[in-house]
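Open the model in your viewer and keep the selection tool at hand. The stops below say what to select next and what is found there.

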Amino acid sequence: LTTELESLSSTDERLDALVLEIEHAKAQYYELATKLSAIRAKNAAKLTTQITKSMQSLNMSGAKFELRVRSDQQAMAKFGFDSVEFLVCANQGQSLQPLAKVASGGELSRISLAIQVIIAEKVTTPTLLFDEVDVGVSGPTATAVGRLMKALSKNTQVICVTHLPQVASFGQQQQFVNKFNVKNVTETQMSLLSENERIEELARLLGGDIISDTTRANAKELLAVAQAA
C-alpha cells in the first residue's frame, strides 16, 4: 500500500519526465529524418536521370521520368516525413503525371523494367514477372529489352511472357505454352524446350507456320548472338 501510495503521489513528476522523453525523441527523430530527406533529394535527381535514359532505350524516345520528393515536417511517419511520387511522361509533348494514372500495361512493364535494371544492384527481389513487356516494340528495341532483362537476371530470377524472338533468345531457358481442349475444357501446358526445339520455336516466331532452312539458320544465329551477349 505504501508503494502504491508513493506511485500515485509522484504522478505529476512522472508525467513531466515523460514529456521530456517525448521531446527528446522528437528532436532525435527530426535530426535523422532531415538527414534522410537530404539523402533522398540527392539520389532522386540521380535516379531521375538514370531511369529516364533507361526508359528511352526501350522504344520510349520522348519519355521522361521524375522521382519527386515532398517534405512535410508535420507528417511524422516510420520512414521519415517525406512522400515520394513517381511521375512519368510516356510521349513527347505531354506533361509529367503520376505513374499509376497515365501508364498503359505495356508501358508500365517497360517502365518497371527500366527502374529494376537501375536499382538491381541495391535491391534484390527474388522473382520478377514481366508480361507484355515487348508490346509495341520490334527490331533493335526488342533486342534492347532482351539485353536489359538478361542484365537484370544476374541479380534476380526473371520470367518473361513474350512473342518476340529477339526477347526470347536472351533467356537462359525457354518454355513453350500450349492450349488445347480436353472434353470441351481448355487446358494449358508448359514444356521446357531443348536447344533444337528452341531453335524451331524461334524460327516459327521469325517466319510463321512455314519454317525454311533459312529461317532456322536465322533463329540459330539469333540464339547464338543473344547467349554470347
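The second largest pocket has a volume of about 250 Å³. A pocket is found on a 1 Å grid over the protein atoms alone, as an open set of points with protein on both sides within 12 Å along at least five of seven lines. Its volume is the space filled by probe spheres set on the points, which are joined across faces, edges and corners. This is a predicted model, in which local features need pLDDT of at least 70 and side-chain atom pairs count only at pLDDT 80 or more, while totals for chains, interfaces and linings use all residues. Residues are numbered from 1 along each chain as its sequence is written, and side-chain values use heavy atoms, with hydrogens and water left out.

Select the lining of this second pocket: Ile39, Arg40, Asn43, Ala44, Leu47, Ile51, Leu67, Val69, Val84, Phe86, Ile115 and Ile119. Lining residues have an atom within 4 Å of a point. Two or more of these residues come from each of α2 (11–56), β1 (64–71), β2 (82–89) and α4 (105–119). Such helices (H or I, at least four residues) and strands (E, at least two) are DSSP runs, numbered from the N terminus. Which element gives the most to this lining? It is α2, with 6 residues. By class, the lining of the second largest pocket has 10 nonpolar residues, 1 polar and 1 charged. Here Ala, Val, Leu, Ile, Met, Phe, Trp, Tyr, Cys and Pro count as nonpolar, Asp, Glu, Lys and Arg as charged, and the others, Gly among them, as polar.

Next, go to the largest pocket, which holds about 930 Å³ of space. Select Ile159, Cys160, Gln173, Gln174 and Gln175, the closest to its centre of the 26 residues that line this pocket. The elements giving two or more residues to the lining are α5 (139–152), β5 (157–161), α6, β6 and α7. The largest share, 5 residues, comes from β5. The lining of the largest pocket divides into 12 nonpolar, 11 polar and 3 charged residues.

Now select helix α7, residues 195–207. This helix has 13 residues and reaches 18 Å from its first C-alpha to its last, close to the 18 Å expected at 1.5 Å a residue; the expected span is 1.5 Å times one less than the number of residues. Which residues of α7 are buried (under 20% relative accessible area, with a 1.4 Å probe and protein chains only)? They are Arg198, Ile199, Glu201, Leu202 and Ala203. Show α6 (165–168), β6 (175–182) and α8 (213–228) as well, as the buried residues of α7 pack against them. Just after α7, glycine 208 takes a positive phi of about 90°.

Move to the loop between β6 and β7 (185–192) and select lysine 183. Most residues other than glycine have a negative phi. Phi of lysine 183, however, is positive, near 55°. Lysine 183 is exposed (over 50%), with a relative accessible area of 79%. Asparagine 184 is also in the loop between β6 and β7. Its phi is positive too, at about 65°, and asparagine 184 counts as exposed at 82% relative accessibility.

For the last stop, select Gln116, Ala120, Val123, Thr124, Thr125, Leu128, Leu152, Asn155 and Thr156, which line the largest cavity. A cavity is a set of points where a 1.4 Å probe fits but cannot get out. About 30 Å³ of space lies in the largest cavity. Its lining has 4 nonpolar, 5 polar and no charged residues.

Conventions:
Contact means heavy atoms within 4.5 Å.
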